[in-house]
Amino acid sequence: MQQTTDFALLRRIATAQAESRAPSLVAAVVRDGVVVWTGARGKVDGQAPTTDTQYRIGSITKTFIAVLVMRLRDEGLLDLNDPLDKHLQGTSFGEVTIAQLLSHTAGLTSESPGLWWERAVGDDWTALQNSLTQNALRHRSGARFHYTNVGYGVLGELVARVRGTSWLEALESEILAPLGMTRTTPAPRVPAALGWAVHPFADVLLNEPTPDAGAMAPAGQLWSTVHDLARWVRFIGGDTGDVLHPDTVAEMRTPVHVDDNDAWTMGYGLGFEAMRLGGRRLSGHSGSMPGFLASALIDWRTGTGALTMANSTAGVPVVALSHDLINLVEELEPALPAEWEPMAEADPELLALTGLWHWGPTPYLLRLLPEGWLRLAPVSGVGRQSRFRPEGRDTWTGLDGYYAGETLVLHRDAEGAPNHFDLATFVFTREPYGTPDAIPGGVDETGWRTRD
């Protein structure tokens, strides 16, 4: 990082800490898989906090639970369309699906019945389950986005049941240990910041409680550090190690539902928040618990992300601050495009398939990508387009865009030469309607005319 950029980042967090009266605040910027800047303001136990000082990260905990669930899905141990009752019996809302719980569209009540769970010692799963016997569903499942902390308490228990262990043990062995996140824990370990409420009309503090949330812990229990949370920001951006396939993380980042339909600035995927701020697409999560605020975001298209943590109950704009840190880096030190270089190898048969193909009269370009992938897009640049991953010699699966999940099949003639593509029943030929036998309904035998 250049000195000018360093100062701009430091000034931004210094301004936020002073104006919002945060007892302490830490932040970091990640770029291309590397922590390129860290900063801190305020004091913890009379000293400046470090990258190893723990803060409570609140609902960022949910992202870890979501990854554990997606690991189960990728292993074939459950399907996202499974009703909850298939794996976790005894609830009064067993018809909701796992996907709905992940995306906050199950319609489940936002908070657990009884005492304010964030400030009270939590009970076990049986007690939580028994408290949800009446009116647990506030909306028709699938009808709308309704953020639910309870839903992630349920998902934590789901992970425990399917794995045959606690969600914390699964978290440690499946995520934290492989990623080297040794300072992410369910309870604080020294050095750790105390949680404070700041008086609204005087510069005085009130210590906040940090009890174990019991069965609700999967909704917001974890503590972490700048060092560890920066690794998690990288994970959300696709640097997943061996914990999860990057395609699965991309699936999790994709909005399932949006919270503000008119403007679409805030949505939710399968465990990750999705934001559109200032023209930038961000993924990650924010978190709050009494005494703490946190935010971990990344622009996965550019690889630049940021995190912010503060030990204050309210008033610190951690999401806006993380967004600003990303913007400052992108504006002051815009990334250079990757150097172009030729592919390491190209299958001659696939190379011969590239170029113009036509859906009816509309010309499309088929491009060869590394590892035998293909990209099909209209010549005009406007319309349906997707990348396709090879599944066999003549079969590819759509990865994104309109044709995500659909199958692209190359058909050959009697001599084995490429004849046409079939994509979800749409036929692509080398010439406009140039392979009559492949076109449903046939092609007018009189051919192209100069007038009607």
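Q: In this predicted model, is Tyr55 buried or exposed?
A: Tyr55 is buried: its relative accessible area is 0%. The model is a predicted one.

Q: And what about Phe292, buried or exposed?
A: Phe292 counts as buried, with a relative accessibility of 0%.

Q: How many aromatic pairs does the structure hold?
A: There are 12 aromatic pairs in the structure. One of them is formed by Tyr55 and Phe292, whose ring centres are 6.4 Å apart and whose planes stand at 90 degrees, so the pair is edge-to-face.

Q: Which parts of the chain does the pair of Tyr55 and Phe292 tie together?
A: Tyr55 belongs to strand β3 (residues 55-56) and Phe292 to strand β11 (residues 292-299), so the pair ties together parts that are 237 residues apart in sequence.

Q: Which residues form one aromatic cluster with Tyr55?
A: Trp223 and Phe292 form one aromatic cluster with Tyr55.

Q: Turning to Tyr433 and Trp448, what is the geometry of their aromatic pair?
A: The pair is tilted, with 6.4 Å from centre to centre and 35 degrees between the planes. Both Tyr433 and Trp448 lie in the segment after β20 (426-429), 15 residues apart.

Q: How accessible are Tyr433 and Trp448?
A: Tyr433 counts as partly exposed at 35% relative accessibility, whereas Trp448 is exposed, with a relative accessible area of 66%.

Q: Over which rings do the charged ends of Arg119 and Arg384 sit?
A: The charged end of Arg119 sits over the ring of Trp116, 5.5 Å from the ring centre. For Arg384, the ring is that of Tyr402, and the charged end sits 3.8 Å from its centre.

Q: A change of topic: which strands make up the closed barrel?
A: The closed barrel has eight strands, in the order β13-β14-β15-β16-β17-β18-β19-β20, and their pairing is antiparallel. On average, neighbouring strands of this sheet are turned by 30 degrees against each other, direction ignored.

Q: How many bridges join β13 to β20?
A: Two bridges join strand β13 (residues 355-359) to β20, and the two strands run antiparallel. His358 has Thr429 in β20 as its bridge partner.

Q: Now helix α5: what span should it have, and how far apart are its ends?
A: Helix α5 (residues 149-163) has 15 residues, so at 1.5 Å a residue it should span 21 Å. Its end C-alpha atoms are 22 Å apart, which agrees.

Q: Why is α5 described as largely enclosed?
A: Of the 15 residues of α5, 12 are buried, so the helix is largely enclosed by the rest of the structure. The buried residues include Asn149, Val150, Tyr152, Glu157 and Ala160.

Q: What covers those buried residues of α5?
A: The cover includes α2 (61-74), α3 (98-102), α4 (125-131), α6 (167-179) and β8 (266-268).

Q: Where is Ser112 found, and what is it in contact with?
A: Ser112 is found in the loop between α3 and α4. Leaving aside neighbours within four places in sequence, Ser112 is in contact with Trp117, Leu128, Val150 and Met216. Val150 is also one of the buried residues of α5.

Q: Is Ser112 buried or exposed?
A: Ser112 is buried, with a relative accessible area of 12%.

Q: Finally, the chain as a whole: how many helices and strands does it have?
A: The chain has 10 helices and 20 strands. Its C-alpha atoms fill a box of roughly 85 × 60 × 40 Å along the principal axes. Of its 452 residues, 48% are buried.

Note on methods:
Residues numbered from 1 in each chain as written. Predicted model: local features only at pLDDT ≥ 70, side-chain atom pairs only at ≥ 80, totals over all residues. Heavy atoms only, no water. Phe/Tyr/Trp six-rings, centres within 6.5 Å; stacked < 30°, edge-to-face > 60°. Helix = DSSP H or I, 4+ residues; strand = E, 2+ residues; numbered from the N terminus. Buried < 20%, exposed > 50% of the residue type's maximum accessible area, 1.4 Å probe, protein only. Lys NZ or Arg CZ within 6 Å of the ring centre and 35° of its normal. Pairing = 2+ DSSP bridges. Axes fitted to C-alpha atoms, helices over the stretch in contact; angles between N-to-C directions. Expected span 1.5 Å × (residues − 1). Contact = heavy atoms within 4.5 Å.
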